[in-house]
Amino acid sequence: MTGESQDQKLVEGRRSPFEHLLNLIEKGELRPGRRLLETELAERLGISRTPVREALHRLRAMGLAEPGPQRGLIIAHMSYDQLRQLFAVREGLEGMATRLAASHASLAEIALLREMVAEDRRTTDRERLVQRNKLLHRQIVQASHNAYMVEALNNLSVHIGLLPSSTYATPGRIEAAQAEHEEIVAAIAERDGERAERAARKHIAGGFAIRLKMLAEAR
């Protein structure tokens with residue numbers, strides 16, 4: 001059996017090396033500045049270096065990896081201009097997805113969204129709330145029932161994974177975000193697409209303002 005066939009067998013039934021790396025970035029396990037060593041990653045994934053090398057080339061092509069201070073690649077840092085562009089696209093896409101959700105979400109999906117925001121109010125652990133925030137946004141996008149919107153925002157979420165920390169570390173942001181989530185879900189439940197989109201855009205714009213402040217303070 002060739003090395004390529006062995007690699008294919010090892011990754012069969014699970015994520016490809018590229019998908020695995022994307023997942024690690026999104027989860028925050030590979031942070032900006034982290035060196036991407038082929039040998040280390042190959043060992044972690046249980047495959048040879050060739051498919052890892054190909055995955056790293058794809059990460060660089062997407063702007064998720066960049067040349068490091070030494071030979072090799074590191075997880076990319078996001079510039080101010082990239083942050084601005086990212087949130088401009090995110091605000092537009094999530095606003096539209098939320099409007100669509102108001103029209104197309106099933107009663108079961110609406111009930112789930114209401115349950116999720118209610119559970120958030122009962123949750124006090126910040127790290128758990130950070131993860132729940134991602135799940136809520138993803139569920140709202142799923143409720144749009146637009147496959148192209150889902151795919152576009154899934155791709156965008158990987159780039160969001162390059163951002164350091166979470167806006168939830170900012171005093172008052174958790175409470176504000178929860179109130180904004182509740183407004184978004186209420187508008188979806190009432191089938192008010194315009195109100196839902198407006199609330200979603202306001203929520204994303206608020207996150208962008210905090211990110212700008214975090215970026216300025218980190219310099």
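This is a predicted model: local features need pLDDT of at least 70, side-chain atom pairs count only at pLDDT 80 or more; totals for chains, interfaces and linings use all residues.
**Figure 1. Pro164 sits in the loop between helix 8 and helix 9.** For Arg211, the C-alpha atom is separated from that of Pro164 by 9.3 Å, although the two residues are 47 residues apart along the chain.

**Figure 2. The whole protein is built from ten helices and three strands.** Here we step back for an overview before the next close-ups. Following the sequence, the elements come in the pattern α-α-β-α-α-β-β-α-α-α-α-α-α. The C-alpha trace spans about 60 × 45 × 30 Å along its principal axes.

**Figure 3. The largest pocket holds about 800 Å³ of space.** It has 36 lining residues, and those closest to its centre are Arg90, Asn133, Lys134, Ile160 and Arg211. Which helices each supply at least two residues of the lining? Helix 2 (17-26), helix 5, helix 7, helix 8 (147-160), helix 9 and helix 10 each do. Helix 7 gives the most, with ten residues. Sorted by class, the pocket lining has twelve nonpolar, 13 polar and eleven charged residues.

**Figure 4. One cavity of 30 Å³ or more turns up in a search of the whole structure.** The largest cavity contains about 90 Å³ of space. Its lining consists of Glu94, Thr98, Leu136, His137, Ile140, Val141, His181, Ile184, Ala200, His203 and Ile204. At least two of the lining residues come from each of helix 5 (80-104), helix 7 (126-142), helix 9 (173-189) and helix 10 (193-218). Which helix gives the most to this lining? Helix 7 does, with four residues. By class, the cavity lining has six nonpolar, four polar and one charged residues.

**Figure 5. Helix 6 (residues 107-122) packs on helix 7 at an angle of about 165°.** The axes of the two helices lie 11 Å apart. Angles over 145 degrees count as roughly antiparallel, so helix 6 is roughly antiparallel to helix 7. Is their crossing left-handed or right-handed? The crossing of helix 6 and helix 7 is left-handed. On the helix 6 side, the contact involves Glu109, Leu112, Leu113, Met116, Val117, Glu119 and Asp120. Helix 7 meets them with Arg128, Leu129, Arg132, Leu135, Leu136, Gln139, Ile140 and Gln142. Together, the residues of this contact divide into eight nonpolar, two polar and five charged.

**Figure 6. Helix 5 and helix 8 pack at an angle of about 145°.** Their axes are 11 Å apart, and the crossing is left-handed. Helix 5 makes the contact through Leu86, Val89, Arg90, Leu93, Glu94, Met96, Ala97 and Leu100. Helix 8 contributes Met149, Ala152, Leu153, Leu156, His159 and Ile160. By class, the contact of helix 5 with helix 8 has eleven nonpolar, one polar and two charged residues.

Key:
Residues are numbered from 1 along each chain as its sequence is written. Side-chain values use heavy atoms; hydrogens and water are left out. On a 1 Å grid over the protein atoms alone, a cavity is a set of points where a 1.4 Å probe fits but cannot get out, and a pocket is an open set with protein on both sides within 12 Å along at least five of seven lines; lining residues have an atom within 4 Å of a point. Grid points are joined across faces, edges and corners, and a volume is the space filled by probe spheres set on the points. Ala, Val, Leu, Ile, Met, Phe, Trp, Tyr, Cys and Pro count as nonpolar, Asp, Glu, Lys and Arg as charged, and the others, Gly among them, as polar. Axes are lines fitted to C-alpha atoms, for helices over the stretch in contact, and angles run from 0 to 180 degrees between N-to-C directions. Angles under 35 degrees count as roughly parallel, over 145 as roughly antiparallel, 65 to 115 as roughly perpendicular and the rest as oblique. A crossing is left-handed if the near helix is turned anticlockwise from the far one by less than a right angle, and right-handed if clockwise. Contact means heavy atoms within 4.5 Å.
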